[in-house]
Amino acid sequence: AGCGWGYGSKNGPSHWHEQFPIAKEGSRQSPIELKNAETKYDSSLKPLTLSYDASSAKSLTNTGSSVQVDYEDGTDRLVLTGGPLCGKYRLRQFHFHWGACDDHGSEHILDGTSYSAELHLVHWNAEKYCDFAEAAKAPDGLAVIGVFLKVCNENPALQKMLSSLDCIKKKGSKVEFTDFAPCALLPPCLNYYTYLGSLTTPPLFESVIWIVLKEPITLSSEQMTKFRTLEFTGPDDPMQDNYRPPQPLKCREIRKNFQ
Ligand code: SG7
Ligand code: ZN
């Protein structure tokens, strides 16, 4: 590794355990493979309730490992409740993982299917913890909604973000990004799988209550191509294959809110 973690052959997911032993030693690492037949319908799971406000969007950043939209999270303006959660979780940011080609790129695998990309809406438990950093280390600190992206029809809701990617090609670049409600990125049906897991990047903290939606959203292959114009470290290093492969399930149960 040496120069920090990434997704390359020398610093990618198979090396992460060298600096972050939890990668192998942990008991609830993410992502995982979701096999519908092995999941359990739980009638006590509530529907997801999202109250998102477009005006809290702040910025769009090339983090060097993904593209991320950050939200103002000082107050309860964008909250997720219900589902498997106790209390309110505030939206902090959303970001994506994708492949070099359309036939792979998602982190979770659903019944053997790798989707072209996966959207993560990252929320933190603001009732129990003071800030995001504290929540990110706690077993019930984060709730991430995962949404699969499938190449099919163009997605108009993604256009605003995609047309700003030209301004943030380089690692660390950031532009103002406002008036964006992430509900526009959700599929019509919010049926989900849920399990206890981790961040999918170092430090791989085991702090995430994962909520993975069953129904994908779509985008066109031209839109998918646009993600790959971002750079990891420079012009000869396109940002792609920025996903971690599935990890052992170990003793976990995967529940779902639908039959
Ligand atoms: C992405 O995934 C980034 C990270 C995020 C990480 O690489 O968006 O966010 C920042 C601020 O760099 O890490 C702590 C955190 O949110 C892991 O998030 S994920 O487990 O949802 N993939
Ligand atoms: Zn992610």
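## Close-up views of a predicted model

**View 1. The hairpin of β6 and β7.** Gly 83 takes a positive phi near 60° in the hairpin of β6 and β7, which has 6 residues between the strands. Strands here are DSSP runs of E with at least two residues, numbered from the N terminus. This is a predicted model, in which local features need pLDDT of at least 70 and side-chain atom pairs count only at pLDDT 80 or more, while totals for chains, interfaces and linings use all residues. Residues are numbered from 1 along each chain as its sequence is written, chains are lettered from A and ligands numbered from 1 in the order in which they are written, and side-chain values use heavy atoms, with hydrogens and water left out.

**View 2. Strand pairing around β6.** Let us follow β6 to its partners. Strand β3 (residues 48-51) runs antiparallel to strand β6 (residues 79-82), and 4 bridges join them; two strands pair if DSSP finds at least two bridges between them. Look for Thr 49, which stands opposite Thr 81 in β6. β6 also pairs with β7 in the antiparallel sense, over 2 bridges. There, Val 79 has Arg 90 in β7 as its bridge partner.

View 3. His 95 lies in strand β7 (residues 89-98) and His 120 in strand β9 (residues 117-125), so the pair ties together parts that are 25 residues apart in sequence. Both His 95 and His 120 are buried (under 20% relative accessible area, with a 1.4 Å probe and protein chains only).

**View 4. The surroundings of Asn 36.** Asn 36 sits in the loop between β1 (33-34) and β2 (40-41). Its C-alpha atom is 6.4 Å from that of Asp 111, 75 residues away along the chain. The side chain of Asn 36 makes polar contacts with the side chains of Tyr 193 at 2.9 Å and Lys 256 at 3.0 Å. A polar contact is a pair of N or O atoms within 3.5 Å; within protein, one must be able to donate a hydrogen and the other to accept it, and residues adjacent in sequence count only if both atoms are side-chain atoms.

Definitions and conventions:
Buried < 20%, exposed > 50% of the residue type's maximum accessible area, 1.4 Å probe, protein only.
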